[in-house]
Amino acid sequence: MKSFVQKTSKNIERCLCLTCPSYSHECKLKNAEQNTSCATSKLQNRTHYEKMFCAFEKSNCIHTDKGCLCNKCLNFKEYDLSNCTYCLHTGGGRLCRL
Ligand code: SF4
Ligand code: SF4
């Protein structure tokens with residue numbers, strides 16, 4: 001049975017979104033401060049965060065699919081995910097094949 005990706009520091013460290021071609025330079029600059037401070041206690045009640053989009057809603061600044069790394073991520077395997085492009089579509093977009 002699938003379970004929701006937990007909003008933990010461990011899972012955030014696994015996230016590959018910041019190295020993904022779809023994560024634009026402008027978006028990285030805009031979110032630099034937020035993305036370097038990830039206290040788990042503050043994340044639990046948030047619906048928005050600018051990475052680990054499989055656990056949060058879609059991005060506010062990624063707009064184009066230039067490829068997705070989700071199927072190479074440990075969270076993808078551990079949580080039995082099947083979609084890609086969570087940054088563009090809350091809950092995941094196109095199917096992500098291994
Ligand atoms: S969800 Fe996929 S496409 Fe979006 S930034 Fe993360 S790895 Fe890239
Ligand atoms: S599956 Fe994708 S969105 Fe989720 S943590 Fe991994 S790289 Fe980030």
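The shell around ligand 1 consists of 12 nonpolar residues, 2 polar residues and no charged ones; here Ala, Val, Leu, Ile, Met, Phe, Trp, Tyr, Cys and Pro count as nonpolar, Asp, Glu, Lys and Arg as charged, and the others, Gly among them, as polar. This is a predicted model, in which local features need pLDDT of at least 70 and side-chain atom pairs count only at pLDDT 80 or more, while totals for chains, interfaces and linings use all residues. Residues are numbered from 1 along each chain as its sequence is written, and chains are lettered from A and ligands numbered from 1 in the order in which they are written.

The table sets out both ligand shells; a residue is near a molecule if its C-beta atom, placed from the backbone, lies within 6 Å of it.

| Ligand | Residues around it | Nearest residues |
|---|---|---|
| ligand 1 | 14 residues | Cys-17, Cys-20, Ser-22, Cys-68 and Cys-87 |
| ligand 2 | 14 residues | Cys-15, Leu-16, Cys-54, Cys-70 and Cys-73 |

By class, the shell around ligand 2 holds 12 nonpolar residues, 1 polar and 1 charged.

The protein has 5 helices and 0 strands, where helices (H or I, at least four residues) and strands (E, at least two) are DSSP runs. Its radius of gyration, taken over C-alpha atoms, is 12 Å, close to the 13 Å that the globule rule (2.2 Å times the number of residues to the power 0.38) gives for 98 residues, so the protein is as compact as a globular protein of that length. The C-alpha trace spans about 35 × 30 × 20 Å along its principal axes.

Of the 98 residues, 27% count as buried, meaning that 20 or more other C-beta atoms, placed from the backbone, lie within 10 Å of the residue's own.

Technical notes. Buried ≥ 20, exposed ≤ 12 C-beta atoms within 10 Å, placed from the backbone.
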